[in-house]
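Please walk through this structure with me, one region at a time. Keep the sequence and the 3D view side by side.

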Amino acid sequence: MDTTTYDVIVIGAGPVGENVADRLVRGGLTAAIVERELVGGECSYWACMPTKALLRSGSALRAARQVAGAREAVSGDLDAAAVLRRRDSFASNWKDDGQVSWLESAGIALHRGQGRISGERTVEVTATDGTKTSLTARHAVVVATGSSALVPEIEGLRESGLWTSREAAAAKEVPGRLVIIGGGVVASEMATAYAGLGSAVTMLARDGLLHTAEPFAGERVTQALRESGVDVRIGAEAASVTRDATGTVHVRLTGGERIAADEILVAIGRTPNTQDIGLDALGLKPGSWLTVDEALRVEGAGDWLYAAGDVNRRALLTHQGKYQARALGDAIVARAKGEEAETGPWGRHAATADERAVPQVVFTDPEVASAGLTAAAAEAAGLRTRVVDYDLGAVSGSVLHADGYQGHARMVVDEDRRVIVGFTLVGPDVAELIHAATIAIAGEVPIDRLWHAVPAFPTVSEIWLRLLETYGR
Ligand SMILES: Cc1cc2nc3c(=O)[nH]c(=O)nc-3n(C[C@H](O)[C@H](O)[C@H](O)COP(=O)(O)OP(=O)(O)OC[C@H]3O[C@@H](n4cnc5c(N)ncnc54)[C@H](O)[C@@H]3O)c2cc1C
Ligand SMILES: NC(=O)c1ccc[n+]([C@@H]2O[C@H](COP(=O)([O-])OP(=O)(O)OC[C@H]3O[C@@H](n4cnc5c(N)ncnc54)[C@H](O)[C@@H]3O)[C@@H](O)[C@H]2O)c1
């Protein structure tokens with residue numbers, strides 16, 4: 001067995017692992033990254049990038065159709081084959097040469113294979129041919145192994161050749177009929193994408209759509225999906241699934257009704273990739289999420305073990321995982337130099353925003369863009385809040401943006417501190433508006449000062465002024 005020593009070993013070369021390694025090397029440490037599949041991880045090949053590519057063409061088409069004059073220039077439907085080809089290029093045709101070159105140029109060593117913690121500061125890498133290499137870390141091991149789709153125990157489901165988000169993101173053909181189990185972000189985005197590409201989509205949304213967002217978000221997305229022909233069944237649950245000899249999938253619902261489809265997509269959440277990474281040897285439960293402290297160190301393990309990204313369950317989003325990676329990578333560098341890490345709230349090495357200022361965009365039609373807490377979450381956190389709502393379609397910029405623009409905005413204000421703690425927008429093309437809210441929340445900008453941040457006329461951003469006017473001075 002080969003033995004090799006680095007300052008830090010990172011398990012998992014998704015966006016988070018790559019960013020951790022980058023910060024370490026920039027800080028003067030040596031780093032090795034262990035990857036069992038493709039360098040770039042879920043986000044690059046089966047999640048963010050390919051799914052957003054599947055959605056973008058439909059979104060551009062709808063935008064043109066919502067403006068008189070442009071509408072007349074649109075003569076047909078989406079070219080599904082062209083959309084899939086464009087998606088392929090955004091998934092780099094499922095090849096990681098580009099990312100491997102980047103690792104080389106950044107000076108990060110790549111070890112391909114399954115990484116497993118085999119002792120304190122040691123990781124054993126098993127390559128596909130069974131060759132084993134033992135890596136030793138002088139300072140730390142970082143787990144950035146991400147997550148996989150969760151599959152529920154439904155009779156016959158696993159045997160029916162189900163789709164998870166991976167197959168939905170990488171499909172080579174558009175199914176004629178698609179049944180989706182779930183009502184979260186993946187289910188809602190994929191229903192939007194495949195309905196736009198021509199599939200007849202049925203959603204079995206046990207708990208409704210986007211139920212952790214502000215209630216009006218799920219309501220508007222449900223209504224829009226239904227208007228576009230998607231059969232959204234709230235409260236519906238699959239009892240059993242079979243696939244017959246012709247390839248048709250039959251789903252029996254708990255009420256007895258049967259639905260036939262060509263594919264069935266399961267999108268009910270994620271499970272951490274910690275089943276086979278050696279947690280048992282550390283006294284932790286294999287397959288569990290890794291709980292971390294404010295410095296992203298794994299609780300219950302030695303001070304040499306860190307976890308970032310999906311695997312710590314703080315926020316299952318690429319941008320938050322990369323934010324953690326920057327904090328954690330820099331903290332390891334500081335500690336290696338004998339410096340104190342700044343892990344207090346909003347400190348350089350703390351991922352404080354994970355709890356207070358997470359932005360997310362759901363790329364449905366309409367889009368849902370949010371930052372910070374919902375009104376319900378703020379109340380549950382014990383804050384004394386005031387909730388301010390406004391019709392996004394009543395802003396001059398929105399009226400110009402699309403004929404008959406429909407949308408809604410909500411601002412949640414912490415009345416004791418007079419700062420915004422939550423912001424949600426629903427409407428066409430609201431994605432790019434959310435960063436202003438993220439800055440206001442993370443910067444804890446006082447409401448009184450926000451009056452001096454004047455939105456340009458006539459932009460959709462004038463919603464900020466309308467919300468402030470509704471709040472009062
Ligand atoms: C369909 C879908 C769409 C999404 N869209 C968005 C979006 O638009 N925006 C957004 O911010 N987020 C989105 N997400 C979430 C985003 O994909 C994740 O938050 C992000 O990929 C997490 O990055 P990560 O590096 O923690 O994990 P991953 O991207 O999962 O990478 C982990 C890597 O570790 C490797 N690995 C695992 N175990 C081992 C091991 N033992 N040894 C070696 N290697 C290992 C894996 O092969 C993988 O390459 C989406 C998720 C899904 C499912
Ligand atoms: N645009 C984006 O930012 C984006 C896009 C896709 C995914 N993601 C991330 O990926 C993660 C996973 O997405 P997801 O949609 O799989 O999970 P999710 O947590 O967003 O939604 C899961 C849904 O499945 C439902 N559900 C749970 N168990 C069920 C069961 N047994 N039967 C039926 N329904 C059940 C829940 O009620 C919920 O509606 C999310 O946390 C999200 O942050 C982000």
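Leaving aside its neighbours within four places in sequence, which residues is Thr-145 in contact with? They are Ile-11, Gly-12, Asn-273, Thr-274, Ile-277 and Val-311. Contact here means that two C-beta atoms, placed from the backbone, lie within 7 Å.

First, the ground rules. This is a predicted model: local features need pLDDT of at least 70, side-chain atom pairs count only at pLDDT 80 or more, and totals for chains, interfaces and linings use all residues. Residues are numbered from 1 along each chain as its sequence is written, while chains are lettered from A and ligands numbered from 1 in the order in which they are written.

Thr-145 sits in the loop between β6 (132-143) and β7 (147-149). Helices (H or I, at least four residues) and strands (E, at least two) are DSSP runs, numbered from the N terminus. Thr-145 is buried, because 30 other C-beta atoms lie within 10 Å. The cut-offs are 20 or more such atoms for buried, 12 or fewer for exposed, and partly exposed in between, with C-beta atoms placed from the backbone.

Thr-145 also carries a UniProt annotation. The unreviewed entry lists "binding site" for Lys-52, Gly-115, Thr-145, Gly-146, Ser-147 and Asp-310. Such annotations may be inferred rather than shown by experiment; feature names are shortened, and positions follow the numbering used here. These sites span 259 residues of sequence and are spread in space too, up to 29.9 Å between C-alpha atoms.

Asp-310 is found in the loop between β16 (305-307) and α9 (318-336). Asp-310 is buried, because 31 other C-beta atoms lie within 10 Å. Not counting residues up to four places away in sequence, Asp-310 touches Gly-146, Ser-147, Arg-270, Leu-316 and Gly-321.

Now zoom out. The domain assignment gives domain 1 (2-45 + 91-148 + 271-353), domain 2 (158-268) and domain 3 (366-471). Such bounds come from an automatic or database assignment. The C-alpha centres of domain 1 and domain 3 are 35 Å apart.

Turn to the ligands. Around ligand 1 there are 36 residues, and Gly-12, Gly-14, Gly-41, Gly-146 and Gly-309 come nearest. A residue is counted if its C-beta atom, placed from the backbone, lies within 6 Å of the molecule. Domain 1 and domain 2 each give at least three residues to this shell. By class, the shell around ligand 1 has 14 nonpolar, 16 polar and 6 charged residues. Nonpolar means Ala, Val, Leu, Ile, Met, Phe, Trp, Tyr, Cys and Pro; charged means Asp, Glu, Lys and Arg; the others, Gly among them, are polar.

Ligand 2 is surrounded by 22 residues, the closest being Gly-184, Val-186, Asp-207, Ile-268 and Leu-316. α7 gives the most, with 4.

UniProt lists residues 358-464 as "domain: Pyridine nucleotide-disulphide oxidoreductase dimerisation" (unreviewed entry). That span is 25% helix and 31% strand.

Look at helix α15 (residues 463-471), where Ile-463, Trp-464 and Leu-467 are buried. They lie on the same side of α15, because they cover an arc of only 105° around the axis, taken from the directions between the helix axis and the C-beta atoms. Their cover includes β19 (385-391), β20 (408-414) and α13 (434-442). Just after α15, Gly-472 takes a positive phi of about 95°.
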